[in-house]
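Subject: Structure handover

Hello,

Here is the structure we discussed. Please open it alongside this message; my notes follow below.

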Amino acid sequence: MTFDELKALDHQYTMQTYGRFDVAIDHGNGATLYDLAGEPYIDFASGIGVNSVGYAHPRWVAAVSEQAGKLAHISNLYYSEPYARLAERLCQRTGMSAAFFGNSGAEANEGLIKLARKYSFDRYGKGRGTILTLNQSFHGRTVTTLAATGQEVFHNYFFPFTEGFRYANANDIASVEGVAGHDVCAVLVELVQGEGGVNPLEPEFVQKLAELCAKRDWLLLVDEVQTGVGRTGSLFAFQQYGIQPDAISFAKGIAGGLPMSGILASERCAAVLGPGTHATTFGGNPICAAAALAVQDILDDEAIAGVKEKGDYLRKAIEQMEVPCIKGTRGLGLMIGVELEEGVNNKELAAELIANRLLVLTAGGNVLRLLPPLTISQEELDQGLEIIRHTLS
Ligand SMILES: *Cc1c(COP(=O)(O)O)cnc(C)c1O
């Protein structure tokens with residue numbers, strides 16, 4: 001099929017919910033992708049932070065193939081070894097006590113919301129179901145996680161939204177206290193806001209937030225859907241902030257390209273969701289869990305140790321480029337925001353970079369967002385940087 005035929009077919013038969021770029025990817029290897037005509041692209045996006053260990057990693061392919069030949073699905077009414085092993089691995093690496101697996105980031109955040117509301121209901125009864133989130137946050141596309149998202153543009157069309165969310169300003173503890181009240185049960189934050197513009201929260205703010213949560217018996221919930229699985233240089237971002245959240249969500253990179261998500265709960269709330277309170281048909285699917293275990297092995301053996309260094313290398317190289325339109329960079333590990341000067345549109349620049357065969361993302365605040373596979377090679381980093389350099393000059 002040619003690209004034009006594919007595009008016509010897509011436009012005829014699919015809901016046009018995505019503003020797609022004029023690219024169709026056929027296959028990939030490492031952090032390099034190939035389109036239908038076999039032309040190579042360097043990947044600084046990983047889907048959207050999903051392909052944490054790149055494409056066709058031999059250990060990932062072997063784990064997925066082996067599990068696919070053994071058992072693709074079994075109901076959660078039965079025990080499954082990959083499910084239990086992955087839960088063990090994640091708990092041991094995070095100091096958490098129990099895992100629940102789902103399929104998407106939004107679904108995992110719904111799990112956090114249910115966990116917090118029931119934790120509070122069990123202790124205090126009704127009337128304490130409000131969750132505080134931050135302005136410029138992003139928590140998903142379901143009706144409830146849209147309501148949790150602290151951006152007015154997402155509170156449109158789909159009325160009525162789920163009630164029970166209020167929004168505070170990031171890095172402003174007085175703003176959090178200002179929207180607090182006796183109806184609150186939890187605070188939900190991303191430690192580096194991804195979609196909102198790659199904005200890392202200040203460690204002092206996060207520590208004060210943790211103290212406030214402990215004092216008021218609110219659960220501290222961290223949305224690690226984008227920051228998790230090695231993206232920021234530690235398995236989860238909270239491990240660099242000197243806090244132990246009550247529960248976290250993860251998704252995107254967890255299974256290296258297969259749909260999987262989950263939540264991890266600390267001892268304090270590990271038993272809140274008992275039999276019959278929460279479930280999902282596909283959650284913890286054996287193939288996805290086997291893939292996630294392979295991702296953990298690959299991170300340990302060949303990726304996570306290099307994330308900080310690769311991130312620093314990229315940021316320094318971009319900051320040192322002698323081009324007029326870059327203001328600076330921000331982020332953590334391989335989650336990088338490139339701030340553009342006014343007058344340069346991030347979406348137009350992304351389209352140009354993609355046309356020059358470098359896949360990149362955008363984020364709020366006129367930012368170019370880079371989320372390369374954590375296994376990206378030095379050669380691929382340099383090839384990508386060269387595309388940025390000649391596109392900008
Ligand atoms: C992508 C993202 C989500 C939503 O994940 P889906 O898998 O698309 O539902 C939620 N929170 C954050 C921080 C994200 O980056």
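Met-1, Leu-9 and Tyr-13 make a nonpolar surface patch of about 380 Å². Leu-9 belongs to helix H1, residues 3-13. Its relative accessibility is 40%, so Leu-9 counts as partly exposed. Keep in mind that the model is predicted.

- Gly-105 places a backbone N or O atom 2.8 Å from a ligand oxygen.
- Phe-138 also uses a backbone N or O atom, which sits 3.3 Å from a ligand nitrogen.
- Asp-223 uses its side chain, with a polar atom 2.8 Å from a ligand nitrogen.

On its own, the ligand has 380 Å² of accessible area, and the protein covers 81% of that.

Now two loop residues. Ser-137 sits in the loop between strand E5 (130-134) and helix H6 (143-148). Its relative accessible area is 1%, so Ser-137 is buried. A polar atom of the Ser-137 side chain lies 2.9 Å from the backbone nitrogen of Gly-150.

Thr-277 is in the loop between strand E12 (261-265) and helix H9 (286-303). Thr-277 counts as partly exposed because its relative accessibility is 27%. The C-alpha atoms of Thr-277 and Lys-114 are 9.0 Å apart, although 163 residues separate the two along the chain.

On to charge pairs. Side chains of opposite charge can pair when their charged atoms come close. The count here is 17 salt bridges. Three of them follow.

Arg-89 and Asp-297: the closest N and O atoms of this salt bridge are 2.8 Å apart. Arg-89 is in helix H4 (residues 81-94) and Asp-297 is in helix H9, so the pair ties together parts that are 208 residues apart in sequence. How accessible are the two partners? Arg-89 counts as buried, at 18% relative accessibility. Asp-297 is partly exposed, at 30% relative accessible area. This pair also belongs to a network of salt bridges that links Arg-89, Arg-93, Asp-297 and Asp-300.

Arg-123 and Asp-217: their side chains meet in a salt bridge at 2.9 Å, N to O. This pair links distant parts of the chain, 94 residues apart. Arg-123 is in helix H5, while Asp-217 is in the loop between helix H8 (203-216) and strand E10 (219-223). Asp-217 is buried, with a relative accessible area of 10%.

Glu-339 and Arg-330: this salt bridge has an N to O distance of 3.6 Å. Glu-339 is partly exposed, with 24% relative accessible area. Arg-330 is partly exposed too, at 21%.

Best wishes

How values were computed
Residues are numbered from 1 along each chain as its sequence is written. This is a predicted model: local features need pLDDT of at least 70, side-chain atom pairs count only at pLDDT 80 or more; totals for chains, interfaces and linings use all residues. Side-chain values use heavy atoms; hydrogens and water are left out. A polar contact is a pair of N or O atoms within 3.5 Å; within protein, one must be able to donate a hydrogen and the other to accept it, and residues adjacent in sequence count only if both atoms are side-chain atoms. Accessible areas come from the Shrake-Rupley method with a 1.4 Å probe; for residues, only the protein chains shown count as cover. Patches are made of residues with over 30% relative accessible area and no salt bridge: like charges are joined within 9 Å, nonpolar side chains (Val, Leu, Ile, Met, Phe, Trp, Tyr) within 5 Å. A salt bridge is a side-chain nitrogen of Lys or Arg within 4 Å of a carboxyl oxygen of Asp or Glu. Helices (H or I, at least four residues) and strands (E, at least two) are DSSP runs, numbered from the N terminus. Buried means under 20% relative accessible area, exposed over 50%, partly exposed in between (1.4 Å probe, protein chains only).
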